[in-house]
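Take a moment with the sequence and the 3D view. We will walk through them step by step.

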Amino acid sequence: MERCAPRALLAVALLAAATPGELETDGGWYAYSKPVIIRGITHNEQFRALCSKQNLMREFGNRLVRLSTANTYSYQKVDVPFKEYVEHMMKPQSLDSLGSDTFYFFGDNNFTEWDSLFRTYIQPPYQLPGARGAYSFGIADAGTGVPFHWHGAGYSEVIYGRKRWFLYPPEKTPEFHPNMTTLSWMFDTYPHLSEGDKPMECTIYPGEVLYFPDRWWHATLNIDTSVFISTFLG
């Protein structure tokens, strides 16, 4: 899969030398308007080492994690030991699986039990006015992802693997079925979209951070087995 789609390349910002804080461009808040890939602003080598499979299984294998169904509204939840999820439930996505049949570990984290891990994560320094970051941590196999949905603004960083993103601005509702997985949508719907109806899209690699603005529609697809963390801004 190509690194970025040719028709709608997301802006890439090299912000390592910028002043941390509230990002302002051209007299207004750039962060309010468009998604952007940010490179060179987080240094999470320690967090990445702690997120190795061996370490997470040793430290958290017997602890319960809450899984959500991978449909737009994530209606169903189930609690299982982390070890059971990794060894028996985490597997590549099947094209004929429905979102309601696919359980996925993302969000719904127990911040008390996972505190020792989250404390080592360095979140992006750019914030929205009056907002405080809240983490959503996840691990999933290739082909999995969350179909189109929207929420508040935030960042998403990939720790291991690669994650494909498909994004639409708030005023452009994507064509999708809420119980269709992103993988199925990509094969069944995406090829038939007109050029004007295709989403903005990109692939995020380890060490890169995607900023997604408030109320932007987005769907994700894990290209590899992936470990990822999002920071929601209020």
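This is a predicted model: local features need pLDDT of at least 70, side-chain atom pairs count only at pLDDT 80 or more; totals for chains, interfaces and linings use all residues.

**A walk through the chain**

The chain has five helices and 12 strands. Its accessible surface comes to about 11300 Å². Carbon and sulfur atoms make up 52% of that surface.

Start with helix 2, which covers residues 53–60. Its buried residues are N55, L56, M57 and F60. Look at the spacing. An α-helix has 3.6 residues a turn, so residues three or four places apart point the same way. What do the buried residues of helix 2 pack against? Their partners are helix 1 (45–50), helix 3 (82–89), helix 4 (115–118) and strand 6 (133–140).

L50 is found in helix 1. L50 is in contact with N55 and L56, and also with L117 and T120, leaving aside its neighbours within four places in sequence. N55 and L56 are among the buried residues of helix 2. L50 itself counts as partly exposed, because its relative accessibility is 26% and buried means under 20%. Now compare sequence and space. L50 and S116 are 66 residues apart in sequence. Their C-alpha atoms are 9.9 Å apart in space.

R58 forms a salt bridge with E59. The closest N and O atoms of R58 and E59 are 3.6 Å apart. Is R58 buried or exposed? R58 counts as exposed, because its relative accessibility is 53%. E59 counts as partly exposed, at 40%.

Next comes strand 3, residues 64–69. V65 counts as buried because its relative accessibility is 3%. R66 is partly exposed, with a relative accessible area of 37%.

What does V65 touch? Not counting residues up to four places away in sequence, V65 touches V78, D79, V80, P81, F82, Y85, F105 and W114. P81 makes a handy reference point. V65 and P81 are 16 residues apart in sequence. Their C-alpha atoms are 6.0 Å apart in space. R66 and P81 are 15 residues apart along the chain. The C-alpha atoms of R66 and P81 are separated by 8.7 Å.

Now return to the salt bridges. How many salt bridges are there? The count comes to nine. One of them joins D197 and K172, with the closest N and O atoms 3.1 Å apart. This pair links distant parts of the chain, 25 residues apart. D197 is in the loop between helix 5 (182–188) and strand 9 (200–204). K172 is in the loop between strand 8 (163–168) and helix 5. D197 counts as partly exposed, because its relative accessibility is 35%. K172 is partly exposed, at 28%.

Another salt bridge joins K198 and E195. Here the closest N and O atoms are 3.8 Å apart. K198 is partly exposed, with a relative accessible area of 22%. E195 counts as partly exposed, at 48%.

A search of the whole structure finds two cavities of 30 Å³ or more. The second largest cavity has a volume of about 30 Å³. Which residues line the second largest cavity? They are P147, F148, F176, H177, M180, T181, T182 and W185. By class, this lining has five nonpolar, three polar and no charged residues.

Finish at the backbone of R215. R215 is in the loop between strand 10 (208–212) and strand 11 (217–222). Most residues other than glycine have a negative phi. R215 is partly exposed, with a relative accessible area of 49%.

Key:
Residues are numbered from 1 along each chain as its sequence is written. Side-chain values use heavy atoms; hydrogens and water are left out. A salt bridge is a side-chain nitrogen of Lys or Arg within 4 Å of a carboxyl oxygen of Asp or Glu. Buried means under 20% relative accessible area, exposed over 50%, partly exposed in between (1.4 Å probe, protein chains only). Helices (H or I, at least four residues) and strands (E, at least two) are DSSP runs, numbered from the N terminus. Accessible areas come from the Shrake-Rupley method with a 1.4 Å probe; for residues, only the protein chains shown count as cover. On a 1 Å grid over the protein atoms alone, a cavity is a set of points where a 1.4 Å probe fits but cannot get out, and a pocket is an open set with protein on both sides within 12 Å along at least five of seven lines; lining residues have an atom within 4 Å of a point. Grid points are joined across faces, edges and corners, and a volume is the space filled by probe spheres set on the points. Ala, Val, Leu, Ile, Met, Phe, Trp, Tyr, Cys and Pro count as nonpolar, Asp, Glu, Lys and Arg as charged, and the others, Gly among them, as polar. Contact means heavy atoms within 4.5 Å.
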